[in-house]
Amino acid sequence: METKTNKIGVKIFLNYFLYCFVGTMATIYMKAVGCDAITASSLSGIVLSVFAITRQDEHHFSWAGFSGSFAGMTNLFNLSTNISPLSLDLLIGALVLSLIVSVLFSVSEIASSYKSGLFFDGYGGRLGTIAFISVLIYFTIRYFTGYTNIEIFSGFKMFRNFNPVYLYCIPSAAIAALISMEIKNTVSSLNDNYKVLSVAITGIFGGILVTKIPIYGYELGLAWYAGSFVGMSSYFVLMLKRHYLYAGILTGVLFILTSSVFNGTGGKLGFVSFLAVLLMRWIINILNKLKERASSNPEAIIESLKSGKSIDNNKVDDDYAQKLVESLMKAKEGGDEINNIELGSKVGEFVIGEKYEYTEEADPGLSYLEYMPNVIKDTKDFINALSIDSFSYLQLTGNDYEPVLYSGIDSSSVQMCRFKNDSPFIKTLSAERRIIAFGKKGLEQPVFRQRISSNDLNNTNYLIIVPYFEADILSGFFMIFERNENLEDTKRNIDLIRQFYKETFR
């Protein structure tokens, strides 16, 4: 199991520098011999990711190299006074730039090992942003050492003579975002180097095909490459496929708006993508808060009741309950007919006129197993055969997915672990229709922290979600708490579970 010490060791840092240097140099020298920047960076990413995957690397070495390749996309005239492939100045520039990128990347990894998300883990374009900042630092160093011929602005020509053809950059970026996401889904693995591979494969399409479009092909190819970085985003940053589409559209818009600034600056495309993903995440958060606020408005609940809708599963506290009762009384006094108020609701739901006292019942554990479909029984037996004794099976009951079978987990996890049928997490499982595994960083997400006890989370190395569908509807899903500290055994178990899933559930 990877530790913080592994993150900050000298050997790890030297590997980051080596991968950064290879990615930067390979991109620079492919450009120097006539290859376009998009193809050069993508080829570097493909080679580095395949090499890292072959080595079974778990330290994001290919991420460092891919970030270096973005830095290598810098205009050669901005990078060196002599752009000949044999130039000593070009070699020294590449070394200095690689060192800056590797230092910043290492800082981000160290910070993320102590606090997940501190350096925007899971946001597409993060690696490009590291490269972009590194290149700006490099430009600053060059400027103060006497090289003042760096050109990164082109006079905002777009705003004086805008060409409508540039609008095609928006669908170019959006399509690339979706393709990159789909490739990532196809090659999904515990090894994060596959994320680099998915973006690099998408980028190579842009470099080889999109750039060949007459006249404006290179601009469309750059927008395409920027959009492909969106697909590298984690599912807990952009949870739904439409979020990737919208972020791709935003990337295209930002690409157009910034088309005349920082040209020839490596990492700019990733930075544009990062801003788009960040903006999309903010929009999602705002919409979620507005939705929560609307759903917790007593007057809105009254309107729902008037129209015949149910108010089941509205989580409330005593203060809210009092306000809702007052609103109900006012509505009744006004002659409104209120329907669909059910007494005897479950804990956390509203019971009109009284406070619901919840009494914890004896844990059912596996007592419901005899009522489960055979495929669920077989899955439970298979999990146990892998020497995994900590799991929970959540089944759709009404509008919630609730634990009906469980073993080896805290009673508090059983009580808290409920998902609404229309929650983003359930929508993601329904849309993806595949096994998803979450490591330590993934378990830091609020969606798990709010539903699983700290003890269960701290003792779990990977949480494996196995969905079960009936008539194309998500009927339920297993949450398997893999606590084996041997990473190879964990990978073996996940591979076996995936194989069992393909043979049994489909």
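Ser392 lies in strand β1, which spans residues 391–397; strands (E, at least two residues) and helices (H or I, at least four) are DSSP runs, numbered from the N terminus. The model is a predicted one, in which local features need pLDDT of at least 70, side-chain atom pairs count only at pLDDT 80 or more, and totals for chains, interfaces and linings use all residues. Residues are numbered from 1 along each chain as its sequence is written, and side-chain values use heavy atoms, with hydrogens and water left out.

Ser392 has a relative accessible area of 3% and is therefore buried; buried means under 20% relative accessible area, exposed over 50%, and partly exposed in between, with a 1.4 Å probe and protein chains only. Not counting residues up to four places away in sequence, Ser392 touches Pro403, Leu405, Tyr406, Ile409, Phe477, Phe478, Met479 and Phe481, where contact means heavy atoms within 4.5 Å.

## The chain as a whole

The protein chain contains 21 helices and 6 strands. Of its 506 residues, 49% count as buried. Among contacts with a separation of 6 or more, 72% are between residues 24 or more positions apart.

## The sheet

Strands of a sheet pair through backbone hydrogen bonds, either parallel or antiparallel. Here, an open sheet of 6 strands has the order β3-β2-β1-β6-β5-β4, and its pairing is antiparallel; two strands pair if DSSP finds at least two bridges between them. The edge strands, each pairing on one side only, are β3 (419–420) and β4 (436–438).

Strands β1 and β2 run antiparallel and are joined by 7 bridges. Thr397 has Asp400 in β2 as its bridge partner. The hairpin of β1 and β2 has 2 residues between the strands, and in it Gly398 takes a positive phi near 70°. Strand β2 (residues 400–407) is largely enclosed by the rest of the structure, because 7 of its 8 residues are buried. Antiparallel strands β2 and β3 are joined by 2 bridges, and Asp400 stands opposite Lys420 in β3. Elsewhere in the sheet, β5 (residues 462–470) and β6 (residues 473–482) form an antiparallel pair over 9 bridges. Pro467 has Phe477 in β6 as its bridge partner.

## Nonpolar cores

In soluble globular proteins, nonpolar side chains tend to be buried together. The largest nonpolar core in this model has 50 residues, and those with the most contacts inside it are Phe66, Phe70, Tyr225 and Leu269. Such a core is a set of buried Ala, Val, Leu, Ile, Met, Phe, Trp, Tyr and Cys residues joined through side-chain atoms within 4.5 Å. A second, separate core of 48 residues includes Leu240, Leu369, Phe391 and Tyr393.

With neighbours within four places in sequence left aside, Tyr225 is in contact with Ile38, Ser41, Ser42, Phe66, Phe70, Met73, Gly203 and Leu269.

## Positions in a helix and in loops

Helix α7 (residues 126–144) holds Ser134. This serine is buried, with a relative accessible area of 0%. Apart from residues up to four places away in sequence, Ser134 touches Leu97, Ile100, Val101 and Leu104.

Gly264 is placed in the loop between α12 (241–257) and α13 (268–295). With 25% relative accessibility, Gly264 counts as partly exposed. Gly264 and Asn78 are 186 residues apart in sequence, yet their C-alpha atoms are 7.2 Å apart in space. Beyond neighbours within four places in sequence, Gly264 is in contact with Thr74, Asn75, Asn78 and Phe139. Another glycine, Gly439, is in the loop between β4 and α19 (446–449). Gly439 and Tyr462 are 23 residues apart in sequence and 4.6 Å apart from C-alpha to C-alpha.

Rolling a probe the size of a water molecule over the atoms shows where empty space is left. The model has 3 cavities of 30 Å³ or more; on a 1 Å grid over the protein atoms alone, a cavity is a set of points where a 1.4 Å probe fits but cannot get out, and lining residues have an atom within 4 Å of a point. The largest cavity holds about 80 Å³ of space, a volume being the space filled by probe spheres set on the points, which are joined across faces, edges and corners.

The largest cavity is lined by Trp63, Gly122, Tyr123, Gly124, Arg126, Leu127, Lys195 and Met232. By class, this lining has 4 nonpolar, 2 polar and 2 charged residues; Ala, Val, Leu, Ile, Met, Phe, Trp, Tyr, Cys and Pro count as nonpolar, Asp, Glu, Lys and Arg as charged, and the others, Gly among them, as polar.

Terms used:
On a 1 Å grid over the protein atoms alone, a cavity is a set of points where a 1.4 Å probe fits but cannot get out, and a pocket is an open set with protein on both sides within 12 Å along at least five of seven lines; lining residues have an atom within 4 Å of a point.
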